Amino acid sequence: MTEDSGSIDYDGDYRSNFNDFHNLMTYRVSRILLVSSLYDAFTLEEEGLLFEQISEEYRDLALSSPPQVIRVSSGEKALKEMDREKYDLIITMARLSDMDPYKFGKKAKQNSPDVHVILLLTDMEDIPIFHTPGRVDGIDKVFFWNGDSALFMAIIKYVEDQLNMVNDMKTGHVRALLIIEDSPRYYSVFLPMIYKEIMGQTLSLMTLGLNEQEKILRRRARPKILMAETYEDGMGLFERFRGNILGIISDLKYPRNGEKVDDAGFQLADAIGDEAPILLQSSHIEHESRAQEMGIPFIYKKSKALKQGFGKFFRERLGFGDFVFMLEDGTEIDRARNIMEFTEKMKTVPVESVIFHGSRNQFSNWLMARGEISLARMLRRKSISDFGTDEEMRGFLLDVIGKHRREKQLGIIMDFSRQNFEFEQTFTRLGGGSLGGKGRGIAFLSSLFSRSGYMTESNKCRIMLPETLVIGTDEYDRFMKENGIREAALEGLEDERIKELFLDTSFNEKMREELGRYLKHMICPMAVRSSSLLEDSQNQPFAGIYTTYFLPNNHPDEEVRLDQLLMAIRLVYSSVFSRKAKAYFRTLVQLPEEEKMAVVIQNLVGNRHGNHFYPMISGLAQSHNFYPVPPLGRGDGIANVALGLGKIVVEGEQVLNFSPEHPKTIPGFNTPGEIMANSQKHFYALNMDRTEFDLSKGEEETLLRLDINEAEESGALDYLASTFDANDNRMRDGTMANGPRAITFAGVLKYNMLPLAPILKNLLSIGRKGMGRPVELEFGTRMGDDNIPEFHALQIRPFITLKEKVELTISDEEREAAVIRSDKVMGNGRVDDIEDIIFVPPDTFDSSMTREIANEIGKLNGDLEGRPYLLIGPGRWGTRDRWLGIPVDWDQISNARVIVEYSTEDFRVDPSHGTHFFHNLTSRGIPYFTLTHGSNDAHLDWDRLKGSDTGYGSKMVRHIRLDRPITVKVDGRPGYGVVIWEKDPQ
């Protein structure tokens, strides 16, 4: 920010990301050629201390290896070596056996024009012989060896600065410290001090990094060093890099117009004025008083406190220390140690102090010194004259700094140690190891939002992410080892015994302390979710196999809240060894001991209504629709939405389906009768009365199943419901009229009270592009405190649809001969190893007995001992609502190779969409047939099935053992499939 110049194209897009740092310091010195006699080399090395320091520095920088140093004893040997290998830096001593060092330098540059040649002197008497200020005739810089091994590292850093200077200033707006000194003896002494001061500041900046990656990358944004030896060279560098000069350290006596001038430093200070902080130094103490009169800090070169003087200048003038709010007369108002304090102090300091610092670019200097490149660059381009009032400028500063800090955390996986929970929507990692599949998906979603800039705020809807903490898999390994329960968990115990085993364990004190600190900031309902290594992976997801627990998190005793959270984590860990998980492992040829579990803790999305807490809308959207009904297409996607918690969606109960591309086309919602019959009848909410509970009883321990009328008082139905008018036999949108309610989402899908369809359309498109394949997105909505709706994306995962690389066609003859055929089939390919069929006959099916049917099928599944089979039954497989289909678990159908769901005249249920069960079917490549009653393209030869000999037969379930395998063919492009069962030869 400047007083009288500068402008900025400010459109609010100033998101900071690691690209600022990635593009910096791209050139490094990796190979050094040392040209010296054996004695000079021994003098430099001093029993190995020199190269020990180089190695230590490179370890600190997390680089793979320090520079390689090759020594040769003469100029000619050096030139021959350069013909063989490329070198980044040449350090030559003065006394070469075969040529003058300047002559060698010229030849070296003729050989490699980009190589830097440094002349290193070891004798004071050689300085006037080999050094002339400003001379660059074959030698880039002359240094004097004083026995300090830090000089060697300073030379390397100085050369790297020259290599990276232009790029880093252009791409990252990195600042530079300009040093004007014509004595090699002096700058060889204080250059290591200055680099040490800069590196110390850089190390302190690393603690500000949000994670380990950013901590390392922040090192690259350190200030560079520019050096000049004459007045003309110094002013030339200042003019060239005017907007990037952090500060100037200048001697007083050096050449100007070819002659040494005693007060050249004062002349330079007058010329630069207030454009950059200046430090003057001299070996003549009498110049200090004049410097003081000019208000310029001064250092006496012969002082024993030389290092402390540099440190003071860096802290007070260059922004390396606290930010000191001052008035123009020098009165100190306040101090800020970090950006958070800076923001708070900015609200209350006198506006005169804000103007004083803003007119001198001191805000941007301080922020730049902290690696806030994007923010500092934006402030520097803004002019005080751009604001109508002084307070308007203060408001601008607070707004952009706050937005920058908040948006900076989007897309970043923040270390728990760096988290202060100042902002919402952050993603935090606690502990090392993997984030697990679900955690990785949420982190990727955060990154997508950050990169696409899609997170918006308007009077229509805010698009957000819930606050998320992931406990890494290292904590799971530590927990299992410290409690010694892995072997016992693998013994095949019943689920209840497994839970007891895990609940009878403890967490170490560090974990309790960290989660206790987390809960001090998170006093709101939360969801504790599994996130295993395999869960939500691209090829073998475990969606819905593990457990999720919902916590009211409202007990008045913090220790009880902590114990409840730890109980949920223990039970999530225990679910790795559950009967359902082990059965699913077997279908994937995996072992439970290969699995590791991370845990996702998210703020639960919703609003509190009395003692109930639930989202206005929860849902799951897929970018691929397996069962499109015209005008819908497969690529249009499908969304499954409901009032209340998403449990009702992912467990396959009665909810509403719509396509984001055609939100007003609702399958099965054509007549008032269909709407009333097919709409959602109940919803799930968190019971806020349950301050104490026992989660070992199940995931529903803290939940309530409520009639939709319970939501009317909350106002949620205003967006979601329609009312049946019996007098006119029609549906009226909204809840103004009296009559039965139906959840139609009319306010959302017809009147756009919340722009759900366009949000889902955009997010599915962004997600699909980001993952390179179809995706599935879980979400929830709530009403903000200011009555603006909020859309929260909860997680995203790849959605495996069709393995269409194998092209397959189905002939007309095969269609006619098929015992089963359908135009609503998911999957692709051929199955020809099935010799068993398990089916539920439609004429004896009783929807009140679906749980008993599931148990019978589970027994048959076990009896078949791994033999694959075709499974046929009514309604939705795997639903939790027993009135909509057969509520089987994975272990009950683990050997099913092909699955068919059918409907009848009296039992019509919409096809499965959006359930975890459904997702795992598609991911495992299990062909899934849907036979819609009354469809010309749906056929099942019941006479053939019922007329076959059964290996097992009951009223509800039958099993057929075949003499020869059936053939299943699915063409995934149109979604058409057949089951061919050749008749036995007569």
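This is a predicted model: local features need pLDDT of at least 70, side-chain atom pairs count only at pLDDT 80 or more; totals for chains, interfaces and linings use all residues.
Five strands form an open sheet, and their order across it is 7-6-8-11-12. The pairing in this sheet is parallel. Strand 7 (224-228) and strand 12 (298-300) are the edge strands, each of which pairs on one side only. On average, and with direction ignored, neighbouring strands of the sheet are turned by 20 degrees against each other. Strands of a sheet pair through backbone hydrogen bonds, in either a parallel or an antiparallel manner. Strand 6 (residues 176-180) pairs with strand 7 in the parallel sense, and 5 bridges connect the two. Within this pairing, Leu 177 has Ile 225 in strand 7 as its bridge partner.

Side chains of opposite charge can pair when their charged atoms come close. The count of salt bridges in the model comes to 57. One of them joins the side chains of Asp 140 and Lys 109, with an N to O distance of 2.8 Å. Asp 140 lies in the loop between helix 6 (127-130) and strand 5 (141-144), whereas Lys 109 belongs to helix 5 (residues 101-111), so the pair ties together parts that are 31 residues apart in sequence. Asp 140 has a relative accessibility of 27% and therefore counts as partly exposed.

A salt bridge is also formed by the side chains of Asp 334 and Lys 345, at 3.3 Å from N to O. Asp 334 is in strand 14 (residues 332-336) and Lys 345 is in helix 14 (residues 339-346); this pair links distant parts of the chain, 11 residues apart. Both partners fall into the partly exposed class: the relative accessibility of Asp 334 is 26%, and the relative accessible area of Lys 345 is 23%.

The side chains of Glu 700 and Lys 647 meet in a further salt bridge, for which the N to O distance is 2.9 Å. Here the linked parts of the chain are 53 residues apart, with Glu 700 in the loop between strand 27 (682-687) and strand 28 (703-707) and Lys 647 in helix 26 (residues 647-650). Glu 700 is partly exposed at 46% relative accessibility. Lys 647 has a relative accessible area of 12%, and because buried means under 20%, Lys 647 is assigned to the buried class.

Salt bridges also occur in a network: Arg 462, Arg 782, Asp 785, Asp 786 and Glu 790 are joined into one network by salt bridges that share partners.

Notes: Residues are numbered from 1 along each chain as its sequence is written. Side-chain values use heavy atoms; hydrogens and water are left out. Two strands pair if DSSP finds at least two bridges between them. Helices (H or I, at least four residues) and strands (E, at least two) are DSSP runs, numbered from the N terminus. Axes are lines fitted to C-alpha atoms, for helices over the stretch in contact, and angles run from 0 to 180 degrees between N-to-C directions. A salt bridge is a side-chain nitrogen of Lys or Arg within 4 Å of a carboxyl oxygen of Asp or Glu. Buried means under 20% relative accessible area, exposed over 50%, partly exposed in between (1.4 Å probe, protein chains only).
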